[in-house]
Amino acid sequence: MNGLLKLDRLDIAILSHLQKDGRISNVHLADAVGLSPSPCLQRVKRLEAAGFITGYEAHINLAKITESVSVFTEVTLAGHRREDFRRFEQRLAQVSEIMECHVITGGYDYLLRFMTRSIEHYQQVIEGLLDDDIGIEKYFSYIVIKSPILKSSMPLQNLLGHQERAGDEESTVGR
C-alpha cells in the first residue's frame with residue numbers, strides 16, 4: 001500500500017468519537033459507530049499502530065486548581081538561516097510554559113502560546129529567553145482576557161467531507 005492506510009467512514013467515525021471521549025468503552029464506541037465490539041477494537045488497534053492515534057489524555061479545568069494567564073506571542077528572529085530557526089526551536093523546547101509553537105507566514109516568524117501563573121511570571125520567562133540571546137529581534141505579546149470558545153477535537157468529517165461528497169467512500173491518508 002506504499003505506506004498509506006485507507007481510512008473509511010468507520011475509521012473517521014471512530015477517530016471522531018475517541019477524540020471527544022478517549023475513555024469511552026469499546027462496547028459503547030462500537031455501538032456509536034455501528035460495529036460489533038471485536039471489529040471495532042481491531043480497528044482502534046490498527047489506528048493506534050499506524051500512528052493516527054498518538055495518545056489519550058485528560059482535559060483539566062485549570063481554573064479549579066489555580067489562577068493562570070494565557071499569552072500569545074509573535075516573535076521575529078534577527079536571522080533567517082536554518083541554524084537560527086534550529087537554535088531558537090531547541091531552546092523553546094526546554095520552556096515548560098510554552099504550550100504551542102507555530103512557524104507561520106506573514107509579518108513575523110513564530111506564534112507562541114504561553115501558560116503562566118501571572119503576567120509577571122510571563123515577563124520573567126520572556127526576559128529569560130531574551131537574555132539567552134537565541135536570536136529574538138522583536139516580540140509582541142497578547143494577553144488572553146477570555147476564551148469563549150475552546151475546542152480540543154478536530155472536525156474530521158468537515159475536514160475530510162470534500163472526499164465523501166465527491167463519491168469517494170475512502171480517503172487516503174499518509175502515516
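Modeller: What follows looks at the lining of the pocket and then turns to the aromatic rings.

The model is predicted, and its largest pocket holds about 1,700 Å³ of space. Of the 43 residues that line this pocket, Glu57, His59, Arg113, Lys151 and Ser152 are the closest to its centre. The elements that give two or more residues to the lining are helix H1 (9-20), strand E2 (69-77), strand E3 (98-103), strand E4 (110-116) and helix H6 (156-165), and H1 supplies the largest share, five residues. Sorted by class, the lining has 23 nonpolar, eleven polar and nine charged residues, and at least three residues are drawn from each of domain 1 (9-58) and domain 2 (62-143).

In one of them, the rings of Phe85 and Tyr110 have their centres 6.0 Å apart and their planes at 45°, so the pair counts as tilted. This pair links distant parts of the chain, since Phe85 sits in helix H4 (residues 82-92) and Tyr110 in strand E4, 25 residues apart. Phe114 and Tyr122 form an edge-to-face pair, with 5.1 Å from centre to centre and 80° between the planes, and both Phe114 and Tyr122 are buried. Tyr110 is buried as well, with a relative accessible area of 0%, and ring pairs join Tyr110 with Phe85 and Phe88 into a cluster.

Definitions and conventions: Residues numbered from 1 in each chain as written. Predicted model: local features only at pLDDT ≥ 70, side-chain atom pairs only at ≥ 80, totals over all residues. Heavy atoms only, no water. 1 Å grid on protein atoms, 1.4 Å probe; cavity = no way out; pocket = protein on both sides within 12 Å on 5 of 7 lines; lining within 4 Å. Points joined across faces, edges and corners; volume = space filled by probe spheres on them. Helix = DSSP H or I, 4+ residues; strand = E, 2+ residues; numbered from the N terminus. Nonpolar A, V, L, I, M, F, W, Y, C, P; charged D, E, K, R; others polar. Domains from an automatic or database assignment. Phe/Tyr/Trp six-rings, centres within 6.5 Å; stacked < 30°, edge-to-face > 60°. Buried < 20%, exposed > 50% of the residue type's maximum accessible area, 1.4 Å probe, protein only.
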